[in-house]
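Hi everyone, thanks for making time. I'd like to walk you through one structure today, going from the strands to a single side chain. Have a look at it first.

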Amino acid sequence: MAEILAENLSGKAVMGTDGAELGMLYNITMDIDSGRLVNLVVEPDEHVGDVEFDYDDQGRLLVPVNRVQAVKDHMIIDR
């Protein structure tokens, strides 16, 4: 995947490969020891419905970074 600056990801819409809007990117978590990116933290849309992802304590979706398929106008994640 090409290099993308984190500042260009902030507030980007997150969409599933099935076309469902999941929400807006809030943050990204990282493993401090390895430097590996772990999860996209997504502020879910009100009508997100059932998703297979975990939630954090604030109700945000935790989407594993390895599910990212593309980053263009939206972040596309494998569902």
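Strands themselves are DSSP runs of E with at least two residues, helices are runs of H or I with at least four, and both are numbered from the N terminus. Now, what you see is a predicted model, where local features need pLDDT of at least 70 and side-chain atom pairs count only at pLDDT 80 or more, while totals for chains, interfaces and linings use all residues. Residues are numbered from 1 along each chain as its sequence is written, and side-chain values use heavy atoms, with hydrogens and water left out.

Okay, the overview. Strand β2 (residues 21-30) pairs with β3 (residues 37-44) in the antiparallel sense, over six bridges. On its other partner, β2 runs antiparallel to β1 (residues 13-16), with three bridges joining them.

Both pairs are hairpins. Between β1 and β2 there are four residues, and Gly19 in that turn has a positive phi of about 90°. Between β2 and β3 there are six residues, and here Gly35 takes a positive phi near 80°.

In β3, the bridge partner of Met24 is Glu43.

Arg60 is in the loop between β4 (54-55) and β5 (61-64). Is Arg60 buried or exposed? Buried means under 20% relative accessible area, exposed over 50%, and partly exposed in between, using a 1.4 Å probe and protein chains only. Arg60 comes out at 14%, so it counts as buried.

What does Arg60 touch? Contact means heavy atoms within 4.5 Å. Leaving aside neighbours within four places in sequence, the contacts of Arg60 include Tyr26, Val41, Glu43 and Asp54. With Glu43 there is a side-chain to side-chain polar contact of 2.9 Å; that term means a pair of N or O atoms within 3.5 Å, where within protein one must be able to donate a hydrogen and the other to accept it, and residues adjacent in sequence count only if both atoms are side-chain atoms.

Finally, the charged end of Arg60 sits over the ring of Tyr26, 3.6 Å from its centre. For that, NZ of Lys or CZ of Arg must be within 6 Å of the ring centre and within 35 degrees of the ring normal.

How values were computed
Two strands pair if DSSP finds at least two bridges between them.
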